[in-house]
Amino acid sequence: MASSRPDPESEPESVFPREVGLFADFYSEKSRFYFCGHVLSITQNFGSRLGVAARVWDAVRNGLLPPWHTFQTETWLSSSASSKDLLMKLRRKTGYSFVNCKKALETCGGDLEQAEIWLYKQAQQEGWSKATKLHGRKTKEGLIGLLQNGNTAVLVEVNCETDFVSRNLKFQQLVQQVALGTMLHCQSLKDQLSTYSKGFLNSSELSELPAGPDRDGSLKDRLALAIGKLGENMTLKRAAWVKVSSGFYIGSYVHGAEHSPSFHNLVLGKYGALVICEMSEQKANLEDVGRRLGQHVVGMAPLSVGSLADEPGGEAETKMLSQPYLLDPSITLGQYVQPQGVSVVDFVRFECGEGEEATEA
């Protein structure tokens, strides 16, 4: 019986290149191949791409799959070792899939820099399109980010739909970018400090901040890219910043804190607090005192500082200094602070998802 070999031009795209070392991740889930007279598709439900590839190679060696069914690669891909080096370099630098990196290099004629720009523009377009489709979906989860640098500290809140995404490295990198953008904004303000200054940014103001000195666009562009990659609605909810002069100190605390070497001094969690203290004397344990004060603000959620003259109970329960001290309820916070050589003058408290329930009601 005559061979029914199909025209190579009309065959489904081969999903395995000639080089065995590259086939594990090279091709998209839409790729198809011939196997024993059947057209198969690789999907997430089909199993490991590596396992599928191994079975195809075994079939070829055992004569079950005719040689003409095998590995037809793009001319550009197999043209030289340098092309493959470029592909691997672009993949490592951008983090995009081999399929997209290969397409970018083909589109840009092997120019690595132009391919990176092309990938970024494509991802941004896809991100904005997905962001538009997902707009309006509730974002109750997310993270609080705390970043301190010298006499300046910022708190930011970035929200997403699920706790699962909030634990994703790409989402955490977005929080880092927002915190860095807020820090740069704060440091760019030329204000003469005699005591301290404090400011807030709402969602729209935060979105318009530059992404950073080494990045093009604004934070809303970074948000769109993250939405495109992770497939959930996200919002840049708010940010707060504090700057102090000499003689003042910023205490800080993040509850459920996550530290990562890749984020340097950024701390992530579900609750965060900044406490501005005036120092009557320089003490070695200021950092510990500041952390304890931040813990109290997170745990007791005061609405104002109050004064040492306030009596406990009644309306004073919402005033920080007259509240029972979180770590020792037998005394008030004011009684804890007095011997420490500091006085509390202001604070900022963020709780992730705060206000969402009221909005829905």
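Colleague: What relative accessible area does Asp163 have?
Modeller: Asp163 is partly exposed, a class between buried (under 20% relative accessible area) and exposed (over 50%), with a 1.4 Å probe and protein chains only. The value for Asp163 is 29%.

Colleague: At what pLDDT do side-chain atom pairs count?
Modeller: Residues are numbered from 1 along each chain as its sequence is written, and side-chain values use heavy atoms, leaving out hydrogens and water. This is a predicted model, in which totals for chains, interfaces and linings use all residues, local features need pLDDT of at least 70, and side-chain atom pairs count only at pLDDT 80 or more.

Colleague: Which residue meets Asp163 in a salt bridge?
Modeller: A salt bridge requires a side-chain nitrogen of Lys or Arg within 4 Å of a carboxyl oxygen of Asp or Glu. Here N and O are 3.3 Å apart, and the partner of Asp163 is Lys270.

Colleague: How many residues separate Lys270 from Glu141?
Modeller: These two form a salt bridge, with the closest N and O atoms 3.6 Å apart. Lys270 is in the loop between β9 and β10, and Glu141 is in strand β3; strands are DSSP runs of E, at least two residues, numbered from the N terminus. The pair links distant parts of the chain, and the separation is 129 residues.

Colleague: How many salt bridges does the structure hold, and what share of the residues is buried?
Modeller: The total for salt bridges is 13. Of the 361 residues in the chain, the buried share is 44%.

Methods: Helices (H or I, at least four residues) and strands (E, at least two) are DSSP runs, numbered from the N terminus.
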